[in-house]
Each structure stands twice: as structure tokens, then as C-alpha cells.
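Okay, thanks everyone for coming.

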Amino acid sequence: MHIDKEIDTRGLNCPLPILRAKKALSDLASGQLLKVVATDPGSLRDFQAFARQTGNELVEQQQVGDELIHVLRRR
């Protein structure tokens, strides 16, 4: 999977990871991928809701240790 942009939101709590992701997605072209690395456990549910509400595709979510990785495709 080719990631076009990655942002680090480790240590930030809701709603900052979503706000940073929203800003980063606005810099991408349609179809490009954004990877967000977070540590807020609530970000799993937050990114699912964000994808539903914005029409961006949530391609993948995984937990690696205490880090949560979210991959979004720009609509």
C-alpha cells in the first residue's frame, strides 16, 4: 500500500487527531492515502465516524502496541 502522507498524532486526545487528519486530507488529491498514527484509544471509533460523515474511505485500522494506525483514502 502506497501512503501519500503520514501524520503523527501520538499523545494528542480527541478531537485533535481528527482535526489534524481533516487538514492533512485537504492537501491530498482524490484517491490518495493518509496514514494517521495515534495513541488515543477513542480514535478507533472517532475515525470510523469521521469516515462515515465525510465520505472518505477508512481503508485500514490496526493496533500496534499502544499505537493505533488509521489509513484513510481521500474522497
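This is a predicted model: local features need pLDDT of at least 70, side-chain atom pairs count only at pLDDT 80 or more; totals for chains, interfaces and linings use all residues.

So, Arg 73. Setting aside anything within four places in sequence, Arg 73 is in contact with Gly 31, Gln 32, Leu 33, Asn 56, Glu 57 and Val 59, where contact is heavy atoms within 4.5 Å. Residues are numbered from 1 along each chain as its sequence is written, and side-chain values use heavy atoms, with hydrogens and water left out.

Back to Arg 73, which sits in strand S4. Helices (H or I, at least four residues) and strands (E, at least two) are DSSP runs, numbered from the N terminus. With a relative accessibility of 31%, Arg 73 comes out as partly exposed; that label is the range between buried, under 20% relative accessible area, and exposed, over 50%, using a 1.4 Å probe and protein chains only.

Ile 3, in the segment before S1, is another partly exposed one, at 28%. Its contacts beyond four places in sequence are Leu 33, Lys 35 and Val 71. Ile 3 and Leu 72 are 69 residues apart along the chain, yet their C-alpha atoms are separated by 9.5 Å.

Which residues of H1 are buried? Pro 17, Ile 18, Ala 21, Ala 24 and Leu 25. Looking down the axis of H1, these fall within an arc of 125 degrees, so they line one face of the helix; the arc is taken from the directions from the helix axis to the C-beta atoms. Over on the other side of H1, Lys 22 and Lys 23 are exposed. The cover for the buried residues includes strand S1 (5-9), strand S2 (33-38), H2 and strand S4 (67-73).

Take Leu 25 from that set: it's buried, at 3% relative accessible area. Leu 25 touches Leu 34, Phe 50, Asn 56, Leu 72 and Arg 74, leaving out residues up to four places away in sequence. Arg 74 is 49 residues from Leu 25 along the chain, and their C-alpha atoms are 6.2 Å apart.

How do H1 and H2 cross? The axes of H1 (residues 16-26) and H2 (residues 43-54) come within 10 Å and cross at roughly 40 degrees, the axes being lines fitted to C-alpha atoms over the stretch in contact, with angles from 0 to 180 degrees between N-to-C directions. That makes H1 oblique to H2; under 35 degrees counts as roughly parallel, over 145 as roughly antiparallel, 65 to 115 as roughly perpendicular, and the rest as oblique. On the H1 side we have Pro 17, Ile 18, Ala 21, Lys 22 and Leu 25, meeting Asp 46, Phe 47 and Phe 50 in H2.

Last stop, Gln 61 in strand S3 (residues 57-64), partly exposed at 24%. Beyond four places in sequence, Gln 61 contacts Ser 43, Leu 44, Phe 47, Gln 48, Ile 69 and His 70.
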